[in-house]
Amino acid sequence: MAAAQGQFSDHSNGTEGTDGTEGGSVPSAFRTAVEALRSARPRPGIEIEPTPPPKRLAPYAHALEATVVDGDDDLADGRLILLHDPAGHEAWHGTFRLVTLVRAELEPEMATDPLLPEVCWSWLTGALEARGLSYDEASGTVTRAGSYYFGGLAERRPATQIEIRASWTPREARGGAPDAAAHLAAWCDLLGQVAGLPPAAPGPVQGAAETGSGAGVVSLPQRRGPQVS
């Protein structure tokens with residue numbers, strides 16, 4: 001799996017994070033949210049597996065990495081981190097925070113669209129809203145970078161990569177835990193759109209609430225996998 005790599009910095013409070021979900025010291029709301037993430041099943045073409053979470057972002061953290069695949073090609077990849085601070089965090093306006101990094105390689109003609117960053121950001125907020133999810137304090141960046149090859153690499157086509165870094169505070173539901181599976185479903189919708197997959201069939205990721213789907217949002221018409229390590 002071509003996992004998205006990178007340093008996340010989102011209101012770190014200097015405490016060491018953990019993805020442990022066993023033992024009485026782990027808050028029940030965090031255990032509930034992590035179990036929802038573990039039990040959810042994405043749409044075909046998206047492979048998800050757990051990965052060690054970053055430390056010192058929150059007292060409790062759980063991380064997933066995902067790759068959008070088409071045959072032997074990786075079309076996009078990403079990382080989703082669930083943070084939890086039982087004491088709450090002033091900048092989050094809540095006790096949970098979701099942080100993500102999503103990347104994909106684009107066709108050169110798409111990369112020149114001046115509205116591309118705004119469109120990519122709207123895919124994130126639109127994916128959350130399409131599933132009826134409430135959230136606060138969304139923030140992030142959309143970056144595009146081009147690579148041009150010369151000399152012995154001159155035969156390679158120019159490559160442009162789009163990168164979305166974002167975080168948001170999911171509203172807490174019954175028991176103090178957010179609907180983590182539904183937020184994961186929305187994140188998978190975003191991955192699919194960035195990768196250029198056709199809209200998913202109606203219905204949420206298994207384990208998510210019945211809140212609709214992200215279908216109907218136009219995705220990028222590209223099929224080239226990100227050449228990243």
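This is a predicted model: local features need pLDDT of at least 70, side-chain atom pairs count only at pLDDT 80 or more; totals for chains, interfaces and linings use all residues.
## Ile 48 in strand 1

Ile 48 counts as partly exposed because its relative accessibility is 26%; buried means under 20% relative accessible area, exposed over 50%, and partly exposed in between (1.4 Å probe, protein chains only). Ile 48 belongs to strand 1 (residues 46-51). Helices (H or I, at least four residues) and strands (E, at least two) are DSSP runs, numbered from the N terminus.

Residues are numbered from 1 along each chain as its sequence is written, and side-chain values use heavy atoms, with hydrogens and water left out.

## Strand 6 and its partners

Strand 6 (residues 159-170) is mostly covered, with 10 of its 12 residues buried. Strand 6 runs antiparallel to strand 4 (residues 94-106), and nine bridges join the two; strands pair if DSSP finds at least two bridges between them. Arg 103 has Glu 163 of strand 6 as its bridge partner.

Strand 5 (residues 135-147) also pairs with strand 6 in the antiparallel sense, over 11 bridges. Here Ser 139 is bridged to Ser 167 of strand 6.

## Aromatic rings

One aromatic pair is present in the structure. The rings of Phe 30 and Tyr 60 have centres 5.6 Å apart and planes at 40 degrees, so the pair is tilted. Rings of Phe, Tyr and Trp (its six-membered ring) pair if their centres lie within 6.5 Å; planes under 30 degrees apart count as stacked, over 60 as edge-to-face and the rest as tilted. The pair links distant parts of the chain, 30 residues apart: Phe 30 lies in helix 1 (residues 28-39) and Tyr 60 in strand 2 (residues 60-70). Both Phe 30 and Tyr 60 are buried.

At another ring, that of Tyr 149, the charged end of Arg 156 sits over the ring, 5.4 Å from its centre. The criterion is NZ of Lys or CZ of Arg within 6 Å of the ring centre and within 35 degrees of the ring normal.

## Helices 3 and 4

The axes of helix 3 (residues 116-130) and helix 4 (residues 180-195) come within 8 Å and cross at roughly 150 degrees. Helix 3 is therefore roughly antiparallel to helix 4. Axes are lines fitted to C-alpha atoms, for helices over the stretch in contact, and angles run from 0 to 180 degrees between N-to-C directions; angles under 35 degrees count as roughly parallel, over 145 as roughly antiparallel, 65 to 115 as roughly perpendicular and the rest as oblique.
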